[in-house]
Amino acid sequence: MNKSKKADKRSDYTLIFAFLINVLLSIFQIIGGILSGSLSLIADALHNFSDAITIGLGLFARIIGRRPADKIRSFGYKRAEMIAAFINVISLIIIGFFLIYEAILRFIEPNIISGKLMIIVASIALIVDLATTIITAYLSRESTNMKVVYLHNLTDTLASVAVIIGGFFILKYDMYWIDAFLTLLIALYILLQSFMLTPDILNFFMDGTPKGINIDQIKKKVEEIDLVIDMHDIHVWGIDEEQNALEAHVIVEVSELKEVEKLKYQIKEILDESFNISHSTLEFEPNLNLK
């Protein structure tokens with residue numbers, strides 16, 4: 001087994017561990033939220049449970065994404081991770097709006113809350129949240145899928161901190177309204193982060209030009225090559241998060257077929273090295289008749 005596969009195995013086991021502790025934490029927080037009467041604690045529990053689902057789905061997508069290309073999926077299965085990211089972002093948005101609704105109801109009819117129990121349960125949750133956030137932070141550099149999983153866990157960590165602060169104010173000053181207020185803040189943060197990720201995910205599924213790639217720059221760079229007159233009908237999209245593809249028409253001024261072959265390899269090299277486009281299909285249109 002090579003180093004890459006060993007690293008993937010370790011990452012998978014780490015995610016399984018994160019999944020299990022989040023499930024257990026969610027159950028613990030729901031019980032604590034019911035006993036204390038804290039809406040923000042129950043909100044944090046629901047978010048933690050969504051984290052467990054997110055981690056599980058993210059792990060499943062990672063495993064599927066490693067499958068090699070075949071006759072059905074000629075580009076491979078890496079897009080499975082983006083599908084998981086999209087599902088997880090949608091779940092975050094739904095949770096965010098649900099928490100806003102619940103917070104408004106609690107503002108209208110505040111409950112008596114046990115601040116002490118809130119602090120105890122949230123402190124235990126914070127330890128677990130920090131552990132899973134650290135785990136997913138490392139993996140978030142690999143893909144949008146893991147970035148969304150990391151976001152779920154980061155917001156949980158912040159939520160646990162908010163619940164602890166809320167419990168303190170309830171315990172010391174009987175400020176019961178702060179529970180609903182903190183729930184509202186957690187929900188708004190969840191929605192903000194979700195909406196920031198959504199455009200990139202939708203752009204990917206719409207086969208939009210990948211972030212960081214400028215078609216005008218590609219055209220300019222290729223047309224600087226000797227014998228290249230024009231490049232047009234340029235289409236660039238992401239095969240997955242690591243591989244980009246391009247198709248284009250190139251007008252060239254050549255007199256021999258071997259010159260076209262030379263230009264083809266030259267253009268492909270520029271696309272790969274300068275624009276991270278590893279898969280390109282070029283249709284050449286000679287300006288002069290070939291010999």
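Q: How many salt bridges does the structure hold?
A: Side chains of opposite charge can pair when their charged atoms come close. This is a predicted model, and the structure holds 7 salt bridges. One of them joins the side chains of K78 and E81, with 3.4 Å from N to O.

Q: Is K78 buried, partly exposed or exposed, and what of E81?
A: Burial is read from the relative accessible area, and a residue under 20% counts as buried. K78 has 27% relative accessibility and therefore counts as partly exposed. E81 has 6%, so this residue counts as buried.

Q: Which parts of the chain are linked by the salt bridge of K78 and E242?
A: The side chains of these two residues, K78 and E242, meet at 3.9 Å from N to O. The pair links distant parts of the chain, 164 residues apart. K78 is in the loop between α2 (39-65) and α3 (80-108), while E242 is in the loop between β1 (228-238) and β2 (244-252). Taken together, K78, E81 and E242 are linked in a network of salt bridges.

Q: Where do K264 and E261 lie?
A: Both residues belong to helix α8 (residues 257-275), where K264 and E261 are 3 residues apart, about one turn of the helix. Their side chains form a salt bridge, at 3.4 Å from N to O. K264, at 21% relative accessibility, counts as partly exposed, and E261, at 36%, counts as partly exposed too.

Q: Over the face of which residue does K264 lie?
A: A charged side chain may also be read against an aromatic ring. K264 lies over the face of Y265, at 5.2 Å from the ring centre. Another such case is R67, which lies over the face of Y77 at 4.4 Å from the ring centre.

Q: How many aromatic pairs are found in the whole structure?
A: A search of the whole structure finds 3 aromatic pairs. One of them is formed by F168 and F169, with ring centres 5.7 Å apart and planes at 80°. Planes over 60 degrees apart count as edge-to-face, and therefore the pair of F168 and F169 is edge-to-face. F168 is partly exposed, with a relative accessible area of 38%, and F169 is partly exposed as well, at 27%.

Q: What is the angle between the planes of F204 and F205?
A: The planes of F204 and F205 are at 80°, with 5.6 Å centre to centre, and this aromatic pair is edge-to-face. F204 has a relative accessible area of 9% and is therefore buried, whereas F205, at 33% relative accessibility, counts as partly exposed.

Q: Which residues are in contact with T132, leaving aside its neighbours within four places in sequence?
A: With those neighbours left aside, T132 is in contact with A18, I21, N22 and N153. A polar atom of the T132 side chain also lies 3.1 Å from the backbone oxygen of D129.

Conventions. Residues numbered from 1 in each chain as written. Predicted model: local features only at pLDDT ≥ 70, side-chain atom pairs only at ≥ 80, totals over all residues. Heavy atoms only, no water. Phe/Tyr/Trp six-rings, centres within 6.5 Å; stacked < 30°, edge-to-face > 60°. Buried < 20%, exposed > 50% of the residue type's maximum accessible area, 1.4 Å probe, protein only. Lys NZ or Arg CZ within 6 Å of the ring centre and 35° of its normal. Polar contact = N/O pair within 3.5 Å; in protein donor to acceptor, adjacent residues only side chain to side chain. Contact = heavy atoms within 4.5 Å. Salt bridge = Lys/Arg side-chain N within 4 Å of Asp/Glu carboxyl O. Helix = DSSP H or I, 4+ residues; strand = E, 2+ residues; numbered from the N terminus.
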